[in-house]
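Visitor: I'm new to this one. Could you show it to me and take a few questions?

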Amino acid sequence: MPFKGNADRRHHIPAQQHRVKNWAEYDAGLRARGSLTVWFTAEAIEAWHAAPRTTPG
């Protein structure tokens, strides 16, 4: 059996430790996990210029 040699290293995701009781809060936490807020000053926005295009379109 070729796969039994690595059986102890195959499962990388551990079993769930606690039951989720508040699903709304759990889902909101998952959505916010990748959230990133960036603030720009008005001076930075005014000084922001794109490089001129060198190709048509």
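Visitor: Is tryptophan 48 buried or exposed?

Guide: A quick note: this is a predicted model, where local features need pLDDT of at least 70, side-chain atom pairs count only at pLDDT 80 or more, and totals for chains, interfaces and linings use all residues. Residues are numbered from 1 along each chain as its sequence is written, and side-chain values use heavy atoms, leaving out hydrogens and water. Buried means under 20% relative accessible area, exposed over 50%, and partly exposed in between (1.4 Å probe, protein chains only). Tryptophan 48 has 58% relative accessibility, so it counts as exposed.

Visitor: How many aromatic pairs are there?

Guide: Rings of Phe, Tyr and Trp (its six-membered ring) pair if their centres lie within 6.5 Å; planes under 30 degrees apart are stacked, over 60 edge-to-face, and the rest tilted. By that rule, the count is two.

Visitor: How are the rings of tryptophan 23 and tyrosine 26 arranged?

Guide: Tryptophan 23 is exposed at 51% relative accessibility, while tyrosine 26, at 38%, is partly exposed. Their ring centres sit 5.4 Å apart and their planes meet at 85 degrees, so the pair is edge-to-face.

Visitor: And what about the rings of phenylalanine 40 and tryptophan 48?

Guide: Phenylalanine 40 is partly exposed, at 47% relative accessibility. Its ring centre and that of tryptophan 48 are 5.6 Å apart, with the planes at 75 degrees, so this pair is edge-to-face.

Visitor: Is glycine 5 buried or exposed?

Guide: Glycine 5 is found in the segment before helix H1 (7–10); helices are DSSP runs (H or I, at least four residues), numbered from the N terminus. Its relative accessible area is 53%, so glycine 5 is exposed.

How values were computed:
Helix = DSSP H or I, 4+ residues; strand = E, 2+ residues; numbered from the N terminus.
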